[in-house]
Amino acid sequence: MEVNRILDHIYDFLRELKPYHLPIGDRVRIGSNGDGGYVLLNRGLQDVEVLYSYGVGTNSDFEFMFCEKYNAIARLYDHTVDTMPLKKDFLYFKKQGVGAKKSGSVNTIENHINENGDGNKKLILKIDVEGAEWDTLLHTPNATLESFEQIAIEIHNLHSFCPVYNGINLAKSILDKKTQVIKKINNLFYLYHAHANNFQPLFYVNRFKLPNVMELTFVNKKYFKSAEYSKTIFPTEFDRPNNPERADIKLHFWPFHSGTINYLLSIVIQIGWRKGWKKMLNIIYNCLESKWKSVIIAIKLRRPTSYS
């Protein structure tokens with residue numbers, strides 16, 4: 001019974017991660033060709049005035065390239081570093097983190113926007129804060145979230161805390177909170193793009209697979225009357241492995257596609273049988289390999305983690 005309850009919560013979480021196809025615009029990659037790059041919807045980006053970026057670390061390529069391309073400014077926040085790795089007149093850094101409330105060295109997204117007088121401007125949000133995103137977004141008012149045209153976010157610790165990949169975060173209380181956060185975003189945005197960070201492994205549990213870290217792009221619903229579930233094959237031509245020494249994680253499983261048969265048909269439609277037959281064989285192989293791994297994991301003949 002306990003296993004079934006865990007699986008129910010995994011299902012509830014994963015079904016919130018079904019990507020959508022949006023009828024206007026195409027994808028564009030901004031930033032590094034490895035870790036630190038994000039895929040956005042190439043619609044209305046030229047109108048963005050301010051990029052809010054949380055989590056700078058040692059790489060500000062995304063912020064630099066976005067501002068250069070679209071003539072915007074960026075406000076960068078990170079309480080773990082003393083300065084930006086790249087200094088430009090259009091990049092503004094503050095040594096402050098982000099959180100659910102103002103406390104010590106962190107402040108809220110809402111407060112930052114108000115302090116800067118950016119409430120009536122076209123905004124975009126990038127957030128990569130190593131797990132702090134869950135509390136931050138849970139307590140961010142809907143009106144603040146809705147002020148962003150797009151949100152590019154790296155979500156962390158989906159099944160485990162690195163480097164011990166034991167599935168501890170699949171517990172009901174932890175997974176429920178993450179589901180609540182994604183639902184909150186989904187009420188205002190469409191999930192447009194999904195990419196698994198291959199620095200950390202997938203976790204197999206029964207019929208499900210979960211990446212531990214993912215890069216997600218959400219697009220504000222206000223510009224679209226409706227949207228259909230995506231038939232895009234992830235990773236796309238715009239994606240790059242975060243770890244260049246390892247193959248990208250193929251999201252050839254639910255909820256990132258609707259089933260192997262539909263997936264194969266979408267390849268035929270998108271690129272044709274002659275060009276797509278190798279890719280189709282690869283997908284069939286990956287599907288069989290995944291099912292085989294699930295079986296031998298279930299009978300405890302191997303660990304429940306894998307990078308494919």
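This is a predicted model: local features need pLDDT of at least 70, side-chain atom pairs count only at pLDDT 80 or more; totals for chains, interfaces and linings use all residues.

Student: In which loop is the place of Asn71?

Tutor: Phi of Asn71 is near 55 degrees, a positive value in a residue other than glycine. Most residues other than glycine have a negative phi. The place of Asn71 is the loop between helix H2 (61-70) and strand S5 (73-77).

Student: Where is Pro163 found?

Tutor: Most peptide bonds are trans. The bond from Cys162 to Pro163 is cis, with omega near 10 degrees. Pro163 is found in the loop between strand S10 (148-155) and helix H6 (172-186).

Student: And which loop holds Pro255?

Tutor: The peptide bond from Trp254 to Pro255 is cis, with omega near 10 degrees. On one side of the loop is strand S15 (228-229), and on the other is H7. Pro255 therefore has its place, by the DSSP runs, in the loop between S15 and H7.

Student: Are H7 and H8 roughly parallel or roughly antiparallel to each other?

Tutor: Two packed helices are described by the angle between their axes and the distance between the axes. Helix H7 (residues 260-271) and helix H8 (residues 273-298) pack at an angle of about 160 degrees, with their axes 9 Å apart. Angles over 145 degrees count as roughly antiparallel. H7 and H8 are therefore roughly antiparallel.

Student: How do the residues of the contact of H7 with H8 divide by class?

Tutor: H7 passes H8 in a right-handed crossing. From H7 come Thr260, Tyr263, Leu264, Ile267, Val268 and Ile271, which meet residues of H8 including Trp273, Met280, Ile283 and Cys287. By class, the contact has 10 nonpolar, 2 polar and 2 charged residues.

Student: How much space lies in the largest cavity?

Tutor: Rolling a probe the size of a water molecule over the atoms shows where empty space is left. The structure holds 2 cavities of 30 Å³ or more. Leu41, Arg43, Gly44, Leu45, Val48, Glu149, Gln150, Val219 and Tyr223 line the largest one, with 5 nonpolar, 2 polar and 2 charged residues. The space in the largest cavity is about 60 Å³.

Student: Which strands each supply at least two residues of the lining of the second largest cavity?

Tutor: About 40 Å³ of space lies in the second largest cavity. Its lining consists of Arg29, Gly37, Tyr38, Val39, His193, His195, Glu215, Thr217 and Asp239, or 2 nonpolar, 4 polar and 3 charged residues by class. The strands that each supply at least two of the lining residues are S3 (38-41), S11 (189-196) and S14 (214-220).

Technical notes. Residues are numbered from 1 along each chain as its sequence is written. Side-chain values use heavy atoms; hydrogens and water are left out. On a 1 Å grid over the protein atoms alone, a cavity is a set of points where a 1.4 Å probe fits but cannot get out, and a pocket is an open set with protein on both sides within 12 Å along at least five of seven lines; lining residues have an atom within 4 Å of a point. Grid points are joined across faces, edges and corners, and a volume is the space filled by probe spheres set on the points. Ala, Val, Leu, Ile, Met, Phe, Trp, Tyr, Cys and Pro count as nonpolar, Asp, Glu, Lys and Arg as charged, and the others, Gly among them, as polar. Helices (H or I, at least four residues) and strands (E, at least two) are DSSP runs, numbered from the N terminus. Axes are lines fitted to C-alpha atoms, for helices over the stretch in contact, and angles run from 0 to 180 degrees between N-to-C directions. Angles under 35 degrees count as roughly parallel, over 145 as roughly antiparallel, 65 to 115 as roughly perpendicular and the rest as oblique. A crossing is left-handed if the near helix is turned anticlockwise from the far one by less than a right angle, and right-handed if clockwise. Contact means heavy atoms within 4.5 Å.
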